[in-house]
Amino acid sequence: MIQLDLKSRKSIYEQIVDGFKELVTSGVLKSGDKMPSVRELSKMLTVNPNTIQKAYRKLEEDGWVYMVSGLGCFVSDKPQAPDPARAQEIYAEIGEGIRQLLYIGLPKETIIKEITDLVNERGNRE
């Protein structure tokens, strides 16, 4: 399921959020699938339940999951139309990443190839 790296600079909750996003985008978790309860996931990952709750709240805020009182947390439907504001935020993050790759000396062609490969890999999963 989700692998945590305790040496990572990312917080545990961010790793959990990213882990679930990866599971959804890769097709492991599909729309309507029930997520593990906070208590179950806390035991599986040996993480404080408050950390799991914080990650679930962030996933809900970002539209990846929805909560049903008394039933739990479920994977949301994929949005029909992208949110332009959120798309701009993500493009800005990608731009910053590309600037960093150029700064460390990667050739532009290598970066383009890697991005193209990532997009093609994701597209083949859907």
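Analyst: The structure holds 1 cavity of 30 Å³ or more. On a 1 Å grid over the protein atoms alone, a cavity is a set of points where a 1.4 Å probe fits but cannot get out. This is a predicted model, in which local features need pLDDT of at least 70 and side-chain atom pairs count only at pLDDT 80 or more, while totals for chains, interfaces and linings use all residues. Residues are numbered from 1 along each chain as its sequence is written, and side-chain values use heavy atoms, without hydrogens and water.

User: How much space lies in the largest cavity?

Analyst: The largest cavity contains about 30 Å³, a volume being the space filled by probe spheres set on grid points joined across faces, edges and corners.

User: Which residues line it?

Analyst: Its lining residues (an atom within 4 Å of a point) are Phe 20, Lys 21, Val 24, Leu 29, Met 35, Leu 59, Trp 64 and Val 65. By class, 7 are nonpolar, none is polar and 1 is charged.

User: What is Phe 20 in contact with, leaving aside its neighbours within four places in sequence?

Analyst: Phe 20 is in contact (heavy atoms within 4.5 Å) with Met 1, Ile 2, Leu 29, Met 35, Pro 36, Leu 41, Tyr 56 and Leu 59.

User: Now the second largest pocket: what is its volume?

Analyst: That pocket, an open set with protein on both sides within 12 Å along at least five of seven lines, has a volume of about 160 Å³. Its lining has 2 nonpolar, no polar and 6 charged residues, and includes Lys 10, Glu 14 and Asp 62.

How values were computed
Ala, Val, Leu, Ile, Met, Phe, Trp, Tyr, Cys and Pro count as nonpolar, Asp, Glu, Lys and Arg as charged, and the others, Gly among them, as polar.
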